[in-house]
Amino acid sequence: MMDEKWFEEIAQLEDESTTLAPSCLKSRLYSRLIEEQELDGPLASLKDTVAAGRGLCVFEKLIEILPAQANIQSFQYCTVCHARVAGERIENAPIYWANCPYCEFQNR
Amino acid sequence: MIKLSASIVETDLELARAVLKRDRKASAEFVQLYSDPVYRYIKFRMQPRIEPVEDLVQEVFLTAWKSLGKYQGTSPLRVWILGIARHKVQDYYRQVLRNMPFPEDAEDLKANDVPMESLLNQRQAEGWIAEILARLPEDDRTALLWRYWEKRSAEEIGTEIGRTAKAVERLLARAREKFKMEWQRKEAGQ
C-alpha cells in the first residue's frame, strides 16, 4: 500500500535524528534519581565510589579524605553545590570542573 | 536470535549493579548514557506537544531505577530502558484515544489520489512533519504516531483501547487524508 510505505518512511526520517536531551533536563533527572535512591537507603560512600574506579569532584575529594563517619561519606554534596543549581536552570551552564555530573551533562 | 557481545553485557550489568548500590557517579553515568535516546524517542512520539515530554522521561528513569534489579543483561541496557519508554508512550496514547469519539463510515474522507512517494525527496520534510502534526486534531495525530512511529498494527491499537481493528483503520484513514491534504497545502506554498 503506497500510503503505508510513505508514512513509514516519514516516521523513519525522525528516528534517525540526532536530537540531544537539554542539559537542564539531564541535570534535573539526575537530581530526582538520587532523591529517589536516598528514599531506599544511604548512597554508596565516596570511598566505595573511588574504589569502584569512579572519580570525585574537588569538593567530594575533600570529604573523602576526611576521617569522617559513613553518614558523612554518604551525603549527596551536590544538593548544596551551585553547580547543581546552575545545571538545573541554565542550558549549557558555565560550570567547568572535573568529575562533576552537572558539568558532564552540558551539551558542549 | 542476535548474540550479544560479552563485553556489552558485562559493561551494562556492571553499570546496573553500581546504580543499584546507589553509587552516585554510576547513576550520573546512567543518566548521561541514556537520557539522549530516551528523550529523542519520547519527543518524536509526543510531538508537537512538549509538556508531557519531560515528565515522561523522568517517569522512565524512575521506573528503570525501581526495576533495575530485574535487569539480567539479556539485551543491552539501552534497549531495556527504551522498552520502558515504549510502555510509557503507549500508556499515554491509550489514555488519549480511549477518550475520543471515533469516526463513523459516513464521516470518512474521500481518498486522496495524489501520488505521495516523491515527496520524501524534499529536504524540508523533517520540519514539515512536526508542523503538520501540530495542525491535526489530537486523536488523528495520536493514531498516526502510534501506527507509524510506534509501528503498531490497527489490530494491536484496537486491542489496547477496546475498539475493533476496523474502527482504528477508519480513524487512520481519516488521519492520513488530513495529513496528506496539509502536506499538499504546504507544497503549494499555502
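The largest nonpolar core of this predicted model has 62 residues. B:Val31, B:Val38, B:Ile42, B:Val57, B:Val60, B:Phe61 and B:Ile81 are the residues with the most contacts inside this core. Helix α2 (residues 24-46) of chain B gives the largest share of the core, 11 residues. Domain 1 (6-98) and domain 2 (105-187) of chain B both contribute residues, so the core lies between them.

**Contacts around the core**

- Apart from its neighbours within four places in sequence, B:Val60 is in contact with B:Val38, B:Ile81, B:Ile84, B:Ala85 and B:Lys88.
- Among these partners of B:Val60 are B:Val38 and B:Ile81, which are also listed with the residues that have the most contacts inside the core.
- B:Ile42, another residue of that list, is 44 residues from B:Arg86 in sequence, and the two C-alpha atoms are 8.1 Å apart in space.
- B:Arg86 itself belongs to helix α4 of chain B.

**Overall architecture of chain B**

- Chain B contains eight helices and zero strands, and its pattern along the sequence reads α-α-α-α-α-α-α-α.
- Chain B has 190 residues, of which 35% count as buried.
- Of the contacts in chain B between residues at least 6 apart in sequence, 72% join residues at least 24 apart.

**Contact between the domains of chain B**

- The domain assignment divides chain B into domain 1 (6-98) and domain 2 (105-187).
- Domain 1 of chain B brings 11 residues to the contact between the two, and domain 2 of chain B brings 13 residues.
- On the side of domain 1 that touches domain 2, α2 and α4 (77-98) of chain B each supply at least two residues.
- The largest share of that side of domain 1, seven residues, comes from α4(B).

**Contact between chains A and B**

- The two chains meet through 34 residues from chain A and 33 residues from chain B.
- On the side of chain A that touches chain B, α1 (2-15), α2 (23-39), α3 (46-51) and α7 (101-104) of chain A each supply at least two residues.
- The largest share of this side of chain A comes from α1(A), with 10 residues.
- The residues on this side of chain A comprise 18 nonpolar, six polar and 10 charged.

**Helix α8 of chain B**

- Helix α8 (residues 165-187) of chain B has 23 residues, which at 1.5 Å a residue should span 33 Å; the end C-alpha atoms are 32 Å apart, in agreement with that expectation.
- The buried residues of α8(B) include B:Val168, B:Leu171, B:Leu172, B:Ala175, B:Phe179 and B:Trp183.
- Also buried in α8(B) are B:Arg170, B:Arg174, B:Arg176 and B:Lys180.
- Just after α8(B), B:Gly189 has a positive phi of about 80°.

**Backbone features in the loops**

- B:Gln47 and B:Pro48 are joined by a cis peptide bond, with omega at about 5°.
- B:Pro48 is located in the loop between α2 and α3 of chain B.
- B:Arg22, a residue other than glycine, has a positive phi near 60° and sits in the loop between α1 (6-20) and α2 of chain B.
- B:Arg22 is buried because 24 other C-beta atoms lie within 10 Å, where 20 or more are required.
- In chain A, A:Asn99 likewise has a positive phi near 60° and is not a glycine; its place is the loop between α6 (82-89) and α7 of chain A.
- A:Asn99 counts as partly exposed because it has 16 C-beta neighbours inside 10 Å, between the limits of 12 and 20.

**Confidence of the prediction**

- The model has an ipTM of 0.90 and a pTM of 0.84.
- The average pLDDT of chain B is 86, and 84% of the residues score at least 70.
- Within chain B, confidence is highest in helix α3 (residues 51-67), at a mean of 96, and lowest in helix α5 (residues 125-135), at 83.

Methods
Residues numbered from 1 in each chain as written. Chains lettered and ligands numbered in written order. Predicted model: local features only at pLDDT ≥ 70, side-chain atom pairs only at ≥ 80, totals over all residues. Contact = placed C-beta atoms within 7 Å. Helix = DSSP H or I, 4+ residues; strand = E, 2+ residues; numbered from the N terminus. Nonpolar A, V, L, I, M, F, W, Y, C, P; charged D, E, K, R; others polar. Core = buried A, V, L, I, M, F, W, Y, C linked by C-beta atoms within 7 Å. Domains from an automatic or database assignment. pLDDT = per-residue confidence, 0-100. Expected span 1.5 Å × (residues − 1).
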